[in-house]
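Here's a quick look at one helix and the strand that follows it. Have the viewer open as you read.

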Amino acid sequence: MTNGFGLAFLAALAVATATRLWLAIRHVGHVQAHRERVPAQFSGEISLAEHQKAADYSSARTRFAMVDVAAGALVTLAFTFGGGLQLLHELSALWLAAGLVRGLALIALVGCVTALIDMPFDYYRTFVIENRFGFNKMTPGLFFLDAVKSLALGAVLLLPLAAAILWFIQEIGGYWWVCAWAVTVAFGIFVQFIAPTVIAPLFNKFSPMQDAELKERVERLLARCGFKVRGLMVMDGSRRSAHGNAYFTGFGNSKRIVFFDTLLKQLNPAEVEAVLAHELGHFRLRHVLKRMAWSSAASLGFFWLVGFLMQQDAFYAGLGAASPSPAMALVLFMFIIPPFTFLLQPVGAMYSRKHEFEADHYAAQFASARDLVSALIKLYRDNASTLTPDPLHSAFYDSHPPALARIARLQKA
């Protein structure tokens with residue numbers, strides 16, 4: 001029988017799901033209502049056909065996201081009130097005695113089942129939507145190979161972390177959550193260190209930048225900004241997608257700048273420099289460290305909350321779990337926390353947009369604001385990013401400012 005906690009979770013899930021669907025409907029309606037006219041600020045650079053493609057692409061992605069949201073809610077209900085987690089627990093109990101190993105088996109089974117459920121959605125997104133708009137370059141073979149690699153990588157990295165957390169719960173007692181939090185934070189930093197040289201090469205090929213003019217330009221920018229990196233790398237992003245991007249990765253001596261090969265084809269050297277100056281701004285203004293600090297603080301609170309809920313029989317009974325255990329508590333928490341924290345999402349999005357404006361300002365100081373505007377317009381056009389998102393949808397979700405607001409602020413610079 002569902003208790004008060006179960007009813008609270010149902011209410012949170014209903015509110016989160018309904019809000020997501022409502023925002024998606026608003027967004028599609030707004031984008032389609034502005035489909036027939038390019039915003040005046042972009043009319044000289046983006047054609048009506050390109051604007052309409054972006055509107056249709058955004059609408060197609062959002063409509064499919066609505067299916068994903070509804071399916072996700074049903075999967076969550078199936079795992080909890082439908083007894084899915086209890087069934088997986090009983091399967092693991094068929095061949096394993098109670099204890100840490102059975103807990104790991106439950107976590108692994110949940111990970112495998114959720115990955116299998118997600119795969120058809122990812123496949124449709126890649127081979128139907130991305131194909132329809134000319135962005136997908138991936139073959140089915142590469143898609144499934146990536147899926148296998150991701151699952152194996154998750155097992156290699158995450159199962160030892162889960163084992164450590166379960167061991168802390170079993171051996172340390174009341175303050176296990178402090179140790180678990182510390183190890184999880186250290187694990188996150190470790191992954192950041194190995195990502196450029198160990199993880200990323202499992203999925204993409206990286207080669208040193210060969211364009212002498214662009215390399216010299218980038219090195220002069222780095223010198224002006226007082227920034228040192230280990231390498232300027234070009235990634236074969238075109239092997240999977242026509243979308244372009246650039247990013248920093250790693251910490252300390254492992255820092256690298258990575259350019260998608262597609263980006264280098266889309267932009268001229270001055271525009272690439274301006275985009276890189278924006279990314280440098282994120283590091284120089286310590287945006288990454290600030291986000292890590294907020295994330296670490298939130299995870300400490302989450303671990304404490306798990307420790308509290310783990311001791312409450314109503315927590316398990318209200319969510320359809322008849323076999324309380326540390327592993328069951330961890331898995332249940334992973335399913336329930338998104339609905340309860342969903343309404344905080346606009347706060348994180350607003351904080352991220354603030355950082356984007358700050359990085360743009362930094363780029364305007366160390367490169368050309370005009371070149372950054374030109375680069376952004378090309379990226380909006382070539383990536384089919386809508387110029388007219390629904391304002392409320394954008395405020396709720398978007399980590400980057402809307403195109404009109406961003407370009408207007410840069411033009412003032």
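What follows covers the helix first, then the strand and its partners.

This is a predicted model, where local features need pLDDT of at least 70, side-chain atom pairs count only at pLDDT 80 or more, and totals for chains, interfaces and linings use all residues. Residues are numbered from 1 along each chain as its sequence is written, and side-chain values use heavy atoms, with hydrogens and water left out.

Helices (H or I, at least four residues) and strands (E, at least two) are DSSP runs, numbered from the N terminus. L214, V218, L221, L222 and C225 are buried in α7; buried means under 20% relative accessible area, exposed over 50%, partly exposed in between (1.4 Å probe, protein chains only). Those buried residues fall within an arc of 100 degrees seen down the axis (directions from the axis to the C-beta atoms), so they line one face of the helix. A212, E213 and A223 sit exposed on the other side. At the start of α7, a side-chain oxygen of D211 comes within 3.1 Å of the backbone nitrogen of E213. Just after α7, G226 has a positive phi of about 65 degrees.

On to β2: 5 of its 5 residues are buried. G231, M233 and M235 point one way, L232 and V234 the other. Strands pair if DSSP finds at least two bridges between them.

| Partner of β2 | Sense | Bridges | Residue pair |
|---|---|---|---|
| β4 | parallel | 5 bridges | F259 and V234 |

Note on methods: A polar contact is a pair of N or O atoms within 3.5 Å; within protein, one must be able to donate a hydrogen and the other to accept it, and residues adjacent in sequence count only if both atoms are side-chain atoms.
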